[in-house]
Amino acid sequence: MNTDLMTQNLHAGLMLACLGMLVVMLFLTLMIGVMKINEFIIGKLNKIFPEEIKEEPKRNVNSKTDEEIAVAIAAAMNHHGLIKGGN
């Protein structure tokens, strides 16, 4: 009698697991299909309504040398007490 109940529970568990995997597989397949359709539609719309490409203005390269940057870092570390011999 106890083995019959275990067999029923095992059967129900396997059916539930298979059903869950089937649902996930169907959902993922549907999601991939929708994404492919979106890719196609957006590709067509981009050909009809192309997006304007704005070029960003080039930034001027800062003329500070590595030595000046190192001095600024050292001054900041000295200010926060990270270098001995400071304030």
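**Exercise 1.** How many helices and how many strands are there in the protein?

*Solution.* This is a predicted model, where local features need pLDDT of at least 70, side-chain atom pairs count only at pLDDT 80 or more, and totals for chains, interfaces and linings use all residues. Residues are numbered from 1 along each chain as its sequence is written, and side-chain values use heavy atoms, with hydrogens and water left out. Look for DSSP runs, numbered from the N terminus: helices are H or I with at least four residues, strands are E with at least two. You get 2 helices and 0 strands.

**Exercise 2.** Work out what span helix α2 should have, and check it.

*Solution.* Start with the rule: the expected span is 1.5 Å times one less than the number of residues. Helix α2 covers residues 66-79, so its 14 residues should span 20 Å. Now check the ends: the C-alpha atoms there are 20 Å apart, which agrees.

**Exercise 3.** Is Leu19 exposed, partly exposed or buried?

*Solution.* First find Leu19: it's in helix α1 (residues 2-48). Next, take the cut-offs: buried is under 20% relative accessible area, exposed is over 50%, and partly exposed is in between (1.4 Å probe, protein chains only). Leu19 has 49%, so it counts as partly exposed.
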